[in-house]
Amino acid sequence: SQTIHQWPATLVQPVGSPLSLECTVEGTSNPNLYWYRQAAGRGLQLLFYSVGIGQISSEVPQNLSASRPQDRQFILSSKKLLLSDSGFYLCAWSAGGNEKLFFGSGTQLSVL
Amino acid sequence: LAKTTQPISMDSYEGQEVNITCSHNNIATNDYITWYQQFPSQGPRFIIQGYKTKVTNEVASLFIPADRKSSTLSLPRVSLSDTAVYYCLVGGMDSSYKLIFGSGTRLLVRP
């Protein structure tokens, strides 16, 4: 069966510090991968998605970036965090052609 | 890119049937309609998916009219544990798999 791992669960970072969130999927190959962010009490904002290794589509150009170094690994990064980067970050995957998204457990990021 | 519109919130009582409608006027030919449930501090969880007509599983039914410009999620006999936010998501190959969530419907089930 397929599983998705996302870590860490919580993170407290100072403004201006770097960020690296990692997500890995097991039990499937060539998944579509997604990063979403959710502010408190709000909906899910699509940040990045990838339909293959090295293919990244960005929806939020700000100070975040994403990379997909391996087929089942998706990394969200920032060189310098802003206060506005605080939120609940969710990684998700789907099998191409079947838009059922399966989400990780999320990372609650607080930038202070 | 199909945009979805849902009611912001709904109230119900335990044991009632709840129907949440989603509007997606610009749905593309190959787009699927998928519904998710989200509890606080958790990722959304898949409920049901359909392409046309009616789909039923052990937790919900999904009704899709012939023009596919809307869909209705039906939750039979809700319980307190069904209090959550429900999202309708439309997307697929035609939108290059760009899956954008709408604002969702906050369902409150009262005793």
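Student: How much area is buried between chain A and chain B?

Tutor: The size of an interface is often given as the accessible area lost when the parts come together. In this predicted model, about 1700 Å² is buried between chain A and chain B, and carbon and sulfur atoms give 59% of that area. Leu44(A), Glu99(A) and Leu101(A) supply 32% of the area that chain A buries against chain B, more than any other three residues. The contact involves 23 residues of chain A and 22 residues of chain B.

Student: Which side chains meet in a salt bridge?

Tutor: The count between the two chains is one salt bridge. Lys98(B) and Glu59(A) form it, at 3.1 Å from N to O. Six residue pairs between chain A and chain B are in polar contact.

Student: Which strand of chain A gives the largest share of the side that touches chain B?

Tutor: That strand is β10(A), with five residues. By class, this side of chain A has 10 nonpolar, nine polar and four charged residues.

Student: Turning to chain B, in which sense do β5(B) and β6(B) pair?

Tutor: In a regular strand the side chains alternate between the two faces of the sheet. Here β5(B), residues 53-56, and β6(B), residues 61-64, pair in the antiparallel sense over four bridges. Val55(B) has Leu62(B) as its bridge partner, and four residues lie between the strands of this hairpin.

Student: How many bridges join β6(B) to β7(B)?

Tutor: Three bridges join these antiparallel strands, and Ser61(B) has Ser74(B) as its bridge partner. Their hairpin has five residues between the strands, and Arg68(B) takes a positive phi near 60° in the hairpin.

Notes:
Residues numbered from 1 in each chain as written. Chains lettered and ligands numbered in written order. Predicted model: local features only at pLDDT ≥ 70, side-chain atom pairs only at ≥ 80, totals over all residues. Heavy atoms only, no water. Pairing = 2+ DSSP bridges. Helix = DSSP H or I, 4+ residues; strand = E, 2+ residues; numbered from the N terminus. Contact = heavy atoms within 4.5 Å. Buried area = accessible area lost by both parts, 1.4 Å probe. Salt bridge = Lys/Arg side-chain N within 4 Å of Asp/Glu carboxyl O. Polar contact = N/O pair within 3.5 Å; in protein donor to acceptor, adjacent residues only side chain to side chain. Nonpolar A, V, L, I, M, F, W, Y, C, P; charged D, E, K, R; others polar.
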